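Dear colleague,

I am handing over the structure we spoke about, and below it you will find notes on what turned up when I went through it. Please read them with the model open beside you.

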Amino acid sequence: MREFEHKNAYFDRLAANPRLRWMGQNTNHLPLPPQVRAAMLDAIDSDAIRGYAPPLGMEALRRGILDDLGLAGASVMVTDGAIEGLYHACRTLVGPGDEFITTDPGWRWPVRFAAAAGARVVEIPIYDAAAGYKLTPGQLAGAVGPRTRLVYLIDPNNPLGVCYTREEIEAFAAICREAGAYLIHDCTYRHFAFDHTLAAHFYPQRTLTTYSFSKWLGLAGLRIGAIVADGEVIEALASAPPNNLGSNVLSQRAALAGLAVKSSWFPGVQATQRANQAMIRDAVAGIAGLTLPVYPSSGNFVIIDVTASGVAPEALVEASSRRDFMIRQGGYHTERFAHRFVKVSTTVPAQWMREFCELLPELVATARGINAVDAKY
Ligand SMILES: Cc1ncc(COP(=O)(O)O)c(C=O)c1O
């Protein structure tokens, strides 16, 4: 069987398991606001879904995204998930001879998009306790050169959960400005951060800010997000977009309803996921060889470093999947540091987390006995 068939069948099997506790993709499994459900039903009952949406998104949603970010004056392109905007931006902004810079670990799809567009990819290693598992302005300045066209910064970082300070963001923006490079500030996990600064405030001309409804609102399956940037950048992206017929109407209505209740609904999500992080911290503290490099995490996930335990991340993922938990192996995010960690998502019911934490010692013991596992994705 070809690799892509294996991979698809893998995710299909996961989705077909009604008992599966999804703790590997940073999706949100806490109850949806009833207003969001009602908005989706209304989109069907009112026949709104029978037509196309405006090409760049419903105006109310575009405004809502800008308000939520607090980025007055920028333009919004609503996309089928943040990933579509990332794909489009990477394919539009870089080409052969250009350089694309990002961190390792990070989220690897934009790396593939840039490589497919012909760019040279530079991945700066940041799995380093001495630097707080963060990219430093010095590292970025050292990597940027005359061919650097695009810097891709994930903040909060998936998988590490680190978030950059205002000073760091200001420094990154200044380095990109100096180089005349575009900066994609991937803010998919921004809502989970303790404090978050948008690079667009310092470098509005060439910063592209991504927005996702998959994580904070929990609409991953609806595929809805956005790219936010200066009008000139959006104009370039809007001239030949992958989907000029507008994003899913039902998803846009759901996203709008979510924004309307965010201030009353989201604090409960945040409290639950932070309490879940604390549960993992306590569980990990009791198991020899496991550590939590970044705590608290600024994302809705934490990584567990397994290096000192001698357990392979893939084996721990396999042991977890046998007990109906999906967690993620480091290899999804990095080749260089693949052997070091697994990632566990925290926007899940407390009961899932309690069961996972209670089982964790047993999962580690089981993983020790697993030598060969099927490919994990
Ligand atoms: C860093 C990062 N950016 C973008 C995405 C994609 O977000 P969306 O579901 O909105 O396409 C993800 C999804 O996991 C992610 O981790």
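I begin with Asp47, which counts as partly exposed because its relative accessibility is 43%, a value that falls between the 20% limit for buried and the 50% limit for exposed. Please keep in mind throughout that this is a predicted model. Asp47 sits in the loop that runs between α2 (34–45) and α3 (59–69), and although Asp47 is not a glycine, its phi is positive, at about 70 degrees.

Arg223 also has a positive phi, near 55 degrees, and is likewise a residue other than glycine. Most residues other than glycine have a negative phi, and most peptide bonds are trans. Arg223 belongs to the loop between β7 (207–212) and β8 (225–229) and, with a relative accessibility of 33%, counts as partly exposed.

The ligand takes up the space of the largest pocket.

In the side chain of Asp186, an N or O atom is 2.7 Å from a nitrogen atom of the ligand, while for the side chain of Thr188 the distance from an N or O atom to a nitrogen atom of the ligand is 3.2 Å. An oxygen atom of the ligand, in turn, has a polar side-chain atom of Ser214 at 2.6 Å. Of the 400 Å² of accessible area that the ligand has on its own, the protein covers 94%.

The bond from Asn158 to Pro159 is cis, with omega near 25 degrees, and Pro159 lies in the loop between β5 (148–154) and α7 (166–179). Tyr295 and Pro296 are also joined by a cis peptide bond, where omega is about -5 degrees; Pro296 is in the loop between α9 (249–285) and β9 (301–305).

Lastly, Glu362 is part of helix α11 (residues 350–368) and is partly exposed, its relative accessible area being 40%. Its C-alpha is 8.9 Å from that of Ala319, although 43 residues separate Glu362 and Ala319 in sequence.

With best regards

How values were computed
Residues are numbered from 1 along each chain as its sequence is written. This is a predicted model: local features need pLDDT of at least 70, side-chain atom pairs count only at pLDDT 80 or more; totals for chains, interfaces and linings use all residues. Side-chain values use heavy atoms; hydrogens and water are left out. Helices (H or I, at least four residues) and strands (E, at least two) are DSSP runs, numbered from the N terminus. Buried means under 20% relative accessible area, exposed over 50%, partly exposed in between (1.4 Å probe, protein chains only). A polar contact is a pair of N or O atoms within 3.5 Å; within protein, one must be able to donate a hydrogen and the other to accept it, and residues adjacent in sequence count only if both atoms are side-chain atoms. Accessible areas come from the Shrake-Rupley method with a 1.4 Å probe; for residues, only the protein chains shown count as cover. On a 1 Å grid over the protein atoms alone, a cavity is a set of points where a 1.4 Å probe fits but cannot get out, and a pocket is an open set with protein on both sides within 12 Å along at least five of seven lines; lining residues have an atom within 4 Å of a point. A molecule sits in a cavity or pocket if more than half of its atoms lie within 2 Å of its grid points.
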